[in-house]
Amino acid sequence: MAVAARKGRTTASPHTSITTTAWPSSLDSWFSWIPLPKWALITVAVAGAILLLLFLICIIKCCCTKKRPKKKERIGLCAVSNSTTTNLVQPEMEDLEQEVEQKRRGKLQYSLEYNFRIQELKVGVKRAVELKAMDSGGTSDPYVIVYLTSDMKKRYETKVYRKTLNPIFNESFTFQVPLSEVSESTLVMQIYDFNRFTKHDIIGEVRLPLASVNLQHVIEQWSDLAVASKVEEEHLGEICFSLRYVPSTGKLTVLILEARQLKRMDSNGLSDPFVKVHLILNRKKWKKKRTSVKKNTLSPYFNEVFVFEVPFSQIQNVDVVISVWDHDKVTKNELIGKLFLGCRATGNQLRHWSDMLSNPRRPLAQWHILQPPEVVDKALGLKSHLKLPLHSR
């Protein structure tokens, strides 16, 4: 009894800690570690659940409502039958280019006078204004080519005017036109931009059918330049050569460099070109040399040089004739085209010759367009059947 009483007193002692084997619930334990009231924790949990739910709904909606393009919704110009609609969507490039080219080409002033008694047409090229700038500096180097469609072999050229869009030409040219051919002829005046080393660019042209003009009176008028017509005369080709003259020694050096786009003379669509260089003194045949033959090509490269003795006292009386030929072993060699330079020349040929004389000892190279032989021979006062004596190279 005493022992039991002592155990009872020991158990009931207020200083003895009481332990238990029962653990609290996991949720209560988790809440006990967070220093927030339970209502705050519940609110945060509910808000997070709502946000997660909204995020899942958005993902499901995007995946389920994404549409693939239907074939009938793919619009192409080929499917549009209405031409007006097509033009609104994509205008024709040719129309746009033509519209741009028609603008800002300039105007040309000219005069016409026909003499019925001698059946002669006099064309005066007066001036041009507001020409289209063709050079990078915002200017052009204009000159005018004048011819009649009834005789396109006879062409005239004005002088070249440097770095201007408003040149004053004041040059006149005469054509022999029988009265019976007047109504069938068209006067063509083309303005070009001069380039020394590349092909000359055409700025624009004026085409005037003579049947639409009253030639009973002298006519002087302005016309807008139009886009150059694609109907051109037969293209004979171009040739590039260099000229150099040394007055102290009297040596004239002609360097034949190359030619391009020559006329096809052979049945295979090519040619066998070579070049002849003639010197004419006081309208009489004098000296002549020639290059080697280049086989089967329309763009031959020569790079052959010829030196002529021309005293300074005679340089003003000399004409240099450059002619391109097609070589043929069986038949006679055929003449493709030619041109001449000298103080009696005109246009680009006169410009090249003048530049040579103004820059002694300096070689000057330039491209030239080949002309019909009859035109050159007539300007030189030579007959086409005359043969110049051959000298050794």
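Which residues does H352 touch, not counting residues up to four places away in sequence? In this predicted model, H352 touches R196, F241, L243, L341, L364, A365, Q366 and H368, where contact means heavy atoms within 4.5 Å. The residue is placed in helix α7 (residues 347–358); helices (H or I, at least four residues) and strands (E, at least two) are DSSP runs numbered from the N terminus. H352 has 0% relative accessibility and therefore counts as buried, a class defined as under 20% relative accessible area, with exposed being over 50% and partly exposed in between (1.4 Å probe, protein chains only).

Residues are numbered from 1 along each chain as its sequence is written, and side-chain values use heavy atoms, with hydrogens and water left out. Because the model is predicted, local features need pLDDT of at least 70 and side-chain atom pairs count only at pLDDT 80 or more, whereas totals for chains, interfaces and linings use all residues.

Side chains of opposite charge can pair when their charged atoms come close. The structure holds 6 salt bridges, each being a side-chain nitrogen of Lys or Arg within 4 Å of a carboxyl oxygen of Asp or Glu. One of them joins R162 and D141, at 3.8 Å from N to O. R162 belongs to the loop between β4 (151–157) and β5 (168–176), and D141 to the loop between β2 (120–129) and β3 (142–148), so the pair ties together parts that are 21 residues apart in sequence. R162 is partly exposed, at 37% relative accessibility, while D141 is buried, at 8%.

A salt bridge also links K338 and D377, with the closest N and O atoms 3.0 Å apart. Since K338 lies in strand β15 (residues 334–341) and D377 in helix α8 (residues 373–380), this pair ties together parts that are 39 residues apart in sequence. Both K338 and D377 are buried. In the salt bridge between E205 and R207, the closest N and O atoms are 2.6 Å apart. Here E205 is buried at 3% relative accessibility, and R207 is partly exposed at 28%.

An open sheet of 4 strands runs in the order β5-β2-β1-β8 with antiparallel pairing, two strands being paired if DSSP finds at least two bridges between them. β5 and β8 (219–224) stand at the edges with a single partner strand each, so one side of each is left without a neighbour in the sheet. Strand β1 (residues 107–115) pairs with β8 in the antiparallel sense over 6 bridges, and Q109 stands opposite W222 in β8.
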